[in-house]
Amino acid sequence: MALFAAAVMAGTAGCGGSGSGAEADGEPSAPAMSDARRMSESLALLKGYRSLGLKGEFRGEVPRTVDLHADRQRNCVGTFEELGTTTEVVVIGDRGWMLYDDKKLDNTRSFAKSYAPDKLAAVEEAVEKARGKYVEYPAREVLRYPGLILCDLDRAFAKVPGKVGGAGEKGNPRTRDGERTVQLTHGSGGDEVSVHVPEKGGSVPRGIDFSLGDAPVLLELGDYDEPVRVKPPSRADTVSAEEVKGLDVIGE
């Protein structure tokens, strides 16, 4: 991976024309890498990782947070949170499973009771079948949930450029795990993309801010190229989506 090399400060030449540092040894100082080149290298790395850890938030109409580990084969494991509820997610290729917490299920029942009383019986039956179980769906159904498109890295970052012609620092340096980062930004409005790279040098993307649809997305990145360790839930812990279709009280 191409990494950023910090520029060597040239010493002030003395009366005899001699310099200090690298120039004193006859070696010219390396020019500082431009923000655009550094951001392009960071984006190229992002596009090339076989797997990534993704932790952050979707600032859509309903704010959501995600903590996922995904690879290019659409294997994915982690959680997403919304409205005070947490859902566990597992995706393996074309299959997916979601484990809803009790609060999510109780909220579904309360919604049906208030707004769809004619469906309440079906919803209550589905809620009890799903409680403590992973609901199995086609992976495409899991990925339609806002935020979980990140389980498909190619689709999630499809509109993020692979390189940029111009970029500049924006915002204040941030600190994560003792490492300060700077934010390099390209574009504006809904097309704005920022990567967070180490302040002291290097192009490894520590985070990215961009938009998916109308939702601003802010992510911390890690677990680069680490295997996604995922396995399907046991059959005893699984229920099919068909058995609990009453959960989709809004979509019906």
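The model is predicted, so local features need pLDDT of at least 70 and side-chain atom pairs count only at pLDDT 80 or more, while totals for chains, interfaces and linings use all residues. Residues are numbered from 1 along each chain as its sequence is written, and side-chain values use heavy atoms, with hydrogens and water left out.

**Overall fold**

- The chain has 6 helices and 13 strands; helices (H or I, at least four residues) and strands (E, at least two) are DSSP runs, numbered from the N terminus.
- Of the 252 residues in the chain, 40% are buried. Here buried means under 20% relative accessible area, exposed means over 50%, and partly exposed is in between (1.4 Å probe, protein chains only).
- Taking contacts in the chain between residues at least 6 apart in sequence, 56% join residues at least 24 apart, where contact means heavy atoms within 4.5 Å.

**Helix α4 and its buried side**

- Helix α4 spans residues 120–130, and its buried residues are Leu120, Val123, Ala126, Val127 and Ala130.
- These residues sit on the same side of α4 because they cover an arc of only 125° around the axis; the arc is that of the directions from the helix axis to the C-beta atoms.
- Exposed residues Ala121 and Glu128 are carried on the face of α4 turned away from its buried side.
- The cover over the buried residues of α4 includes α3 (102–115), β6 (134–138) and β13.

**Aromatic pairs**

- The structure holds 4 aromatic pairs. Rings of Phe, Tyr and Trp (its six-membered ring) pair if their centres lie within 6.5 Å; planes under 30 degrees apart count as stacked, over 60 as edge-to-face and the rest as tilted.
- One of the pairs joins phenylalanine 111 and tyrosine 115, and it is tilted, at 5.0 Å centre to centre with 35° between the planes.
- Phenylalanine 111 and tyrosine 115 are separated by about one helical turn, because they are 4 residues apart in helix α3.
- Phenylalanine 111 is partly exposed at a relative accessible area of 31%, while tyrosine 115 is exposed at 65%.
- Phenylalanine 157 and phenylalanine 210 form another tilted pair, 5.3 Å centre to centre and 35° between the planes.
- Phenylalanine 157 lies in the loop between α6 (153–156) and β7 (168–169), and phenylalanine 210 in strand β11 (residues 207–212), so this pair ties together parts that are 53 residues apart in sequence.
- Phenylalanine 157 is buried, with a relative accessible area of 4%, and phenylalanine 210 is buried at 5%.

**The second largest pocket**

- The volume of the second largest pocket is about 270 Å³. On a 1 Å grid over the protein atoms alone, a pocket is an open set of points where a 1.4 Å probe fits, with protein on both sides within 12 Å along at least five of seven lines; lining residues have an atom within 4 Å of a point. Grid points are joined across faces, edges and corners, and a volume is the space filled by probe spheres set on the points.
- The lining of this pocket has 14 residues, and Lys159, Gly190, Ser211, Leu212 and Gly213 lie nearest the centre.
- Both α6 and β11 supply at least two lining residues each, and β11 gives the most, with 3 residues.
- By class, the lining has 7 nonpolar, 3 polar and 4 charged residues. Ala, Val, Leu, Ile, Met, Phe, Trp, Tyr, Cys and Pro count as nonpolar, Asp, Glu, Lys and Arg as charged, and the others, Gly among them, as polar.

**Loop residues to look at**

- Most residues other than glycine have a negative phi.
- Leucine 83 is not a glycine, yet has a positive phi of about 50°; it lies in the loop between β3 (75–82) and β4 (85–92) and is exposed, at 63% relative accessibility.
- Aspartate 225 also has a positive phi, of about 60°, without being a glycine. Aspartate 225 lies in the loop between β12 (215–222) and β13 (238–240) and is partly exposed, at 29% relative accessibility.
- Methionine 33, in the loop between α1 (21–24) and α2 (35–48), is buried with a relative accessible area of 14%. Methionine 33 and glycine 201 are 168 residues apart in sequence and 9.8 Å apart in space, C-alpha to C-alpha.
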